[in-house]
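Hi everyone, thanks for coming. I'd like to walk you through one structure this morning, so please have a look at the screen.

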Amino acid sequence: MDEPDTIEAGPIRPPSEAGSYLLRLTRNCPWNRCSFCRTYKNEKFSLREPEEIERDIDAMAKIRARLLASGTIPDWRELRLRDDVSSQEEWMVLNALAAGGHTAFLQDADSLVMKPDNLRRILAHFKKRFPEVIRITTYARSRTLARLSPEDLRTYRELGLTRVHIGMETGHDPLLELIKKGATAEFHIRGGRNAVDAGLEVSEYVMPGLGGREMSEGHVLDTARVLNTVAPHFIRLRTLSLGPSLPLWETFNGPDARLAPLTEVQVVGEIRRLIEALEGIRSRLVSDHIMNLLGDLEGQLPGEKQRLLDMCDAFLELPPEEQRLFQAGRRAGLLTGVQDLEDLGARARSESVLAKLVRAYGPGRLEEGIQELKARFV
Ligand code: SF4
């Protein structure tokens, strides 16, 4: 009997890689100290051996060949209906094939810490087995990117790496220190620019709400300054989500709290100010995370800047009771953008969620109720 085709998988990938082949290069996070991040807590970082990773690539290629030969690749929307998938490895490959089979994501938190020769070897092997893949992306820390040579980054690009996802969070140094990001605005700029100059697409993740009320202004202005210097291809919003198990919780709660949390309305105001301060760059702003209140806020800078500002205003200028209705509907998973309030069915269901929240929390503690609804998605 054939040995099972086991493939090691990491815990996460960005939402934009939902249809990608997943290939684990390292385990967990080499830094693992950011106070807002729970993904790899208590997990030890390690590099995987190139031979091990090549075996995963070969196993993936074998599964792909078997699935293609079976002639039963479903449409991606019908994937959930499949009940004949025998393993999680097969599921991952089937999922990627159903999405087109043209993209791959390298796990875990900072693949570029691998020795350059090993990473080149892996990229070359992957390309040999999967020549049809046209987009290979990875998470990367800006500190790692800042110390890599332009030659190394260019060779990665030549071997098929196309995009890096960088968790910038903020460009405000006092806040970067407070959240223990292990990077400064200068590292964010050097790392981001190194990647852009090497011809890689860069996705920068920014965290609205992270600085609370006290640091909101510095957070907005310094983040915009870094983004305006890096000129990334994508700016992705990830609104702060807090839970008691996170070290950052104490910064916002309890007797020693240093920051007061922003309300959801204030977070939208902060995003608006950030968009306003973005100048001279051709980036796509994307709100592709359930934690963001405005789920449809997406547009190309600079051409669509005014449209993005108008979308923020469409929420900010609603009467307070309509804002609360939208918040309740969005946090219950019924609404994505403000326009959805015009859908009478979704509106009625949102009204019912809001009424339940008012009964449970009272009008004075409604924000708390909405935050608890939001926490269900964390
Ligand atoms: S670098 Fe990324 S994965 Fe690592 S602790 Fe920070 S946010 Fe989490």
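What you see is a predicted model, where local features need pLDDT of at least 70 and side-chain atom pairs count only at pLDDT 80 or more, while totals for chains, interfaces and linings use all residues. Residues are numbered from 1 along each chain as its sequence is written, and side-chain values use heavy atoms, with hydrogens and water left out.

First, helix 12. Helices here are DSSP runs of H or I with at least four residues, strands are E runs of at least two, and both are numbered from the N terminus. Helix 12 covers residues 320-331, and 9 of its 12 residues are buried. Buried means under 20% relative accessible area, exposed is over 50%, and partly exposed is in between, with a 1.4 Å probe and protein chains only. Among the buried ones are Leu325, Phe326 and Ala328, but also Glu322, Arg330 and Arg331. What do they pack against? The partners are helix 10 (264-277), helix 11 (305-316), helix 13 (344-361) and helix 14 (366-375).

Now the domains, whose bounds come from an automatic or database domain assignment. Domain 1 is 15-318 and domain 2 is 319-378. Their C-alpha centres lie 28 Å apart, and 20 residues of domain 1 are in contact with 18 residues of domain 2.

On to the interior. A nonpolar core is a set of buried Ala, Val, Leu, Ile, Met, Phe, Trp, Tyr and Cys residues joined through side-chain atoms within 4.5 Å. The largest one has 89 residues, and Tyr21, Leu112, Val164 and Leu297 have the most contacts inside it. Helix 1, residues 50-70, gives the most to this core, with 7 residues.

Let's zoom in on Leu112. Not counting residues up to four places away in sequence, Leu112 touches residues including Leu119, Thr138, Ala140, Leu148 and Val164. Thr138 sits in strand 5, residues 135-139. Is Thr138 buried or exposed? Its relative accessibility is 0%, so Thr138 counts as buried. For contrast, take Pro255, in the loop between helix 9 (249-252) and helix 10. At 86% relative accessibility, Pro255 counts as exposed.

Next, a helix pair. Two packed helices are described by the angle between their axes and the distance between the axes. Axes are lines fitted to C-alpha atoms, for helices over the stretch in contact, and angles run from 0 to 180 degrees between N-to-C directions. Helix 1 and helix 2 (residues 88-98) pack at about 65°, with axes 10 Å apart. From helix 1, Met60, Ile63 and Leu67 are among the residues at this meeting, and the helix 2 side includes Met92, Val93 and Leu97.

Last stop, helix 7, residues 185-197. Its buried residues include Phe187, His188, Ile189 and Val196. Their cover includes helix 4 (142-147), strand 6 (161-169) and helix 8 (216-230). Just after helix 7, Gly199 takes a positive phi of about 90°.

That's my tour, and I'm happy to take questions!

Technical notes. Contact means heavy atoms within 4.5 Å. The expected span of a helix is 1.5 Å times one less than its number of residues.
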